[in-house]
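User: Hi! Could you walk me through this model? I'd like to go feature by feature.
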Amino acid sequence: TLSLSGTASLPAHLVYYDTQGLTTTLEFPPGAVTGVTTIWLWPTITANRPGFAFAGHAFELGTLEDGTLLLELAFSAPVAVTLHYSDDDVRVAADESQLVLSWWTGSEWQDAAQTCDPASSYIRDVANKTLSVSICRGGRFALFGPMNQVYLSVVMRGN
């Protein structure tokens, strides 16, 4: 568990190193939170979702503000997330240039860029294996890439 304490006088950043030595960095700009806030990042995993393969990076982002636990705090300013990934992370993705960070709504995965209004945009650097996008709330996040799905029909012949 990583933690960061701050007030509206941010900027600050939180960096997580995974087991491959790759970083996930969250940059909190001035005004992202009000009052004294503790922010936690918990690494986690998830399963594939329909049409998308899990790309090896997932985390929960939770906050403690003025003594109250908030799992899905809405930030007052967009928080930039930059993920570094490896070839192994995207080996089953059909198109590495279409990776997306997704946010769990409680019932389905939604593009994390949609947590901001207006929606944020992605910066994908396939050559350096990084993806950056701004988010505007805490919760559960995971990196996914589109995958090719092949459906094979099975014909069985009776005895």
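This is a predicted model: local features need pLDDT of at least 70, side-chain atom pairs count only at pLDDT 80 or more; totals for chains, interfaces and linings use all residues.

User: Nice. What does F144 pair with, and how?
Analyst: F144 pairs with F54 in an edge-to-face arrangement, with 6.2 Å centre to centre and 65° between the planes. The structure holds six aromatic pairs, and this is one of them.

User: Which strands does that pair link?
Analyst: F54 lies in strand β5 (residues 52-65) and F144 in strand β12 (residues 139-146), so the pair ties together parts that are 90 residues apart in sequence.

User: Changing topic: which residues touch the most other members of the largest nonpolar core?
Analyst: L61 and L101 do, in a core of 37 residues. Several strands each supply at least two residues of this core, including β2 (12-17), β7 (74-84), β8 (100-104) and β11.

User: What is L101 in contact with, beyond its sequence neighbours?
Analyst: Leaving aside neighbours within four places in sequence, its contacts include V81, L83, Y122, L131, V133, I135, F141 and L143. Q110 and D111 are among them too.

User: And T25, where is that, and is it buried or exposed?
Analyst: T25 is in strand β3. It counts as buried because its relative accessibility is 13%, and the cut-off for buried is under 20%.

User: Now backbone geometry. Which residues does the cis peptide bond join?
Analyst: A cis peptide bond joins D117 and P118, with omega about 5°. P118 is in the loop between β9 (109-111) and β10 (123-125).

User: What is phi of K129, and where is that residue found?
Analyst: Phi of K129 is near 55°, a positive value in a residue other than glycine. K129 is found in the loop between β10 and β11 (130-137). K129 is also buried, with a relative accessible area of 16%.

User: Why point those two out?
Analyst: Because most residues other than glycine have a negative phi, and most peptide bonds are trans.

Terms used. Residues are numbered from 1 along each chain as its sequence is written. Side-chain values use heavy atoms; hydrogens and water are left out. Rings of Phe, Tyr and Trp (its six-membered ring) pair if their centres lie within 6.5 Å; planes under 30 degrees apart count as stacked, over 60 as edge-to-face and the rest as tilted. Helices (H or I, at least four residues) and strands (E, at least two) are DSSP runs, numbered from the N terminus. Buried means under 20% relative accessible area, exposed over 50%, partly exposed in between (1.4 Å probe, protein chains only). A nonpolar core is a set of buried Ala, Val, Leu, Ile, Met, Phe, Trp, Tyr and Cys residues joined through side-chain atoms within 4.5 Å. Contact means heavy atoms within 4.5 Å.
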